[in-house]
Amino acid sequence: MWWEDGVVYQVYPFSFQDGNGDGIGDLPGVIDRLDYPAETLGVDAVWLSPFYRSPMDDFGYDVADYCDVDPIFGSLGDAERLIAEAHRRGLRVILDFVPNHSSSEHPWFVASRSSRSNPKRDWYTWRDPAPGGGPPNNWLSVFGGPAWEWDEATGQYYLHSFLASQPDLNWRNPEVRRAMYDAMRFWLDRGADGFRFDVVHYVMKDPGLRDDPVVEASGPGVFKDLGEYDSLVHLHDKGHPDVHEVLREIRRVVDAYPGRYTVGEIHVLEPAALAAYYGRSEGDGLHMPFNFTLLYAPWEAAEFRRRVDEFDAVVPAHGWPNYVLGNHDEPRLATRFGPGRARVAMMLLLTLRGTPTIYYGDELGLPEVEIPPERQQDPWGLRVPGLGRDGCRTPMPWDRSANAGFCPEGVEPWLPQGPAAAERSVAAQLEDPSSMLNLVRHLLRLRRREPALHRGEYRALDEAPEGCYAFLRSVADGGPGFVVALNFTDRELEVPGVGGEVVADTGMHRVGERAGPVLALGPDEGVVVAV
Ligand code: NOJ
Ligand code: CA
């Protein structure tokens with residue numbers, strides 16, 4: 001299927017292109033730039049972060065109407081035009097669906113909080129205070145503080161795993177499920193090619209709302225350090241096994257429309273637990289749970305190999321692996337690993353067995369932008385200093401004109417673009433044959449052209465010296481195979497037993513070279529050899 005052979009590109013609507021000159025990206029802006037993902041990059045699908053009607057407390061992940069477009073981004077007609085224009089270019093459109101919580105301004109929640117007897121009361125999770133007073137249990141909000149907000153008017157607490165203005169919907173109520181499935185159909189009927197489901201493992205919690213255990217001894221952080229939130233083992237506040245029944249239902253809704261794709265944002269690192277989200281058989285779970293295991297891997301060849309091998313081994317036969325190196329919640333790839341290593345990481349992402357999802361701007365090697373305190377916007381960073389996500393959400397630099405072509409001259413973009421936006425822009429990098437953008441375009445073309453790279457088998461090579469991660473991609477039915485050799489060190493390395501023609505290299509100067517019988521790798525260099 002296209003989501004197995006293809007590549008997905010994430011667009012953050014706030015920051016792709018401003019179409020109406022207010023300094024904020026919008027859907028007409030995205031439409032104007034569709035040739036970029038479709039032609040310049042040649043990816044198969046774009047995933048757009050939310051553009052629904054929203055007070056924007058969490059930049060669109062607080063939805064006030066699942067079936068309309070926020071005026072900041074345009075109109076419902078613009079969304080329909082975007083889908084049509086993308087399809088005309090052979091590009092699929094994946095929408096972001098936010099099932100766990102709505103905005104507190106959603107009419108459902110307004111009704112729910114209006115009185116204890118309102119028919120929508122049970123659409124959210126309301127509880128009396130604990131016997132001694134205070135919140136009903138010890139659950140914490142990801143964004144800091146308790147996960148419960150007191151409602152004076154009706155004398156109960158409601159649950160919010162994120163902001164207080166993002167109350168959690170009660171997915172144990174069948175009416176809620178029906179309403180959410182209707183909202184999904186609304187977009188499927190309009191041609192959406194699938195959904196990325198926001199924190200979908202949160203929708204099912206312990207029905208008894210038991211306290212989360214307190215972390216006894218702090219081990220190595222799973223992802224990044226989340227502060228107070230990491231003081232609990234999140235055993236009961238998310239990921240209850242009943243979530244798999246919900247995913248089964250979601251697949252039934254989506255599978256009524258042929259060729260549609262479902263991917264879940266699920267922060268689970270343990271490979272087998274993550275793989276459970278593929279379901280027990282085709283159609284039983286998500287097409288893919290996002291695999292974030294490489295995001296916070298230390299830059300060590302053996303560790304990257306271990307994480308890939310482990311995941312590759314547990315993906316069920318009806319599933320297909322996938323890999324992610326960046327998104328709108330994480331510090332930029334080029335800053336996490338450094339610019340040279342970002343090229344090696346991108347080569348890995350685009351040559352592994354599994355669907356790559358590229359975060360907009362990572363193909364340019366954009367760094368995390370330093371945001372001055374007075375311009376910080378992300379509610380997480382404002383509540384828990386150090387966890388702000390604005391630095392990876394900055395406007396896309398397109399060319400050398402004012403505001404790097406993102407918005408008109410004289411208009412201040414909603415977030416600063418950071419230094420050297422013009423030199424990092426798409427236009428500037430297209431002129432430079434050895435730019436990161438041209439490397440990514442080259443790898444994307446190669447992946448698309450070569451069956452071994454987009455659907456072949458994967459086998460890590462034990463012959464690779466320490467500090468090098470090398471693997472073979474091959475197809476059983478003939479056709480060339482490829483060795484990908486990645487140097488994770490700043491020293492020169494030699495990989496024995498690799499001979500053939502270099503078809504890609506991170507420095508963009510070795511293509512066509514005959515390599516072998518020993519492949520020489522420069523510091524921080526990655527090479528793909530046709531063998
Ligand atoms: C995950 C999203 O990716 C993030 O941006 C958002 O803040 C939370 N879910 C809450 O919806
Ligand atoms: Ca705009």
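Mentor: A crossing is left-handed if the near helix is turned anticlockwise from the far one by less than a right angle, and right-handed if clockwise. Please keep in mind that this model is predicted.

Trainee: Which handedness does the crossing of helix 6 and helix 7 have?

Mentor: That crossing is right-handed. Contact residues on helix 6 are Arg177, Tyr181, Met184, Arg185 and Leu188, and they meet Glu245, Val246, Glu249, Ile250, Val253 and Val254 of helix 7. Sorted by class, this contact comprises seven nonpolar, no polar and four charged residues.

Trainee: What describes two packed helices besides handedness?

Mentor: In general, the angle between the axes and the distance between the axes describe two packed helices. For helix 6 (residues 174-189) and helix 7 (residues 243-255), the axes cross at roughly 35° and come within 10 Å.

Trainee: At what angle do helix 11 and helix 15 pack?

Mentor: The angle is about 15° between helix 11 (residues 339-349) and helix 15 (residues 436-449), and their axes are 10 Å apart. Helix 11 is therefore roughly parallel to helix 15, since angles under 35 degrees count as roughly parallel. Helix 11 passes helix 15 in a right-handed crossing. Helix 11 contributes Ala342, Arg343, Met346, Met347 and Leu349 to the contact, while helix 15 contributes Met436, Leu439, Val440, Leu443 and Arg447. The residues of this contact fall into eight nonpolar, no polar and two charged.

Trainee: Let us turn to the ligand. How many residues surround ligand 1, and which are the closest?

Mentor: Ligand 1 is surrounded by 13 residues, of which the closest are Asp58, His101, Asp198, His328 and Asp329. One then looks for polar atom pairs. A side-chain N or O atom of Asp58 is 2.6 Å from an oxygen atom of ligand 1. For His328, a side-chain N or O atom is 2.8 Å from a ligand 1 oxygen. Glu265 has a polar side-chain atom 3.5 Å from an oxygen atom of ligand 1.

Trainee: Where in the backbone is there a cis peptide bond?

Mentor: The cis bond joins Gly516 and Pro517, with omega about 0°. Pro517 belongs to the loop between strand 19 (514-515) and strand 20 (518-521).

Trainee: Which residue has a positive phi although it is not a glycine?

Mentor: Ala420 does, with phi at about 65°. Ala420 is placed in the loop between helix 12 (379-383) and helix 13 (421-424).

Notes
Residues are numbered from 1 along each chain as its sequence is written. Chains are lettered from A and ligands numbered from 1 in the order in which they are written. This is a predicted model: local features need pLDDT of at least 70, side-chain atom pairs count only at pLDDT 80 or more; totals for chains, interfaces and linings use all residues. Side-chain values use heavy atoms; hydrogens and water are left out. Axes are lines fitted to C-alpha atoms, for helices over the stretch in contact, and angles run from 0 to 180 degrees between N-to-C directions. Helices (H or I, at least four residues) and strands (E, at least two) are DSSP runs, numbered from the N terminus. Angles under 35 degrees count as roughly parallel, over 145 as roughly antiparallel, 65 to 115 as roughly perpendicular and the rest as oblique. Contact means heavy atoms within 4.5 Å. Ala, Val, Leu, Ile, Met, Phe, Trp, Tyr, Cys and Pro count as nonpolar, Asp, Glu, Lys and Arg as charged, and the others, Gly among them, as polar. A residue is near a molecule or strand if one of its heavy atoms lies within 4 Å of it. A polar contact is a pair of N or O atoms within 3.5 Å; within protein, one must be able to donate a hydrogen and the other to accept it, and residues adjacent in sequence count only if both atoms are side-chain atoms.
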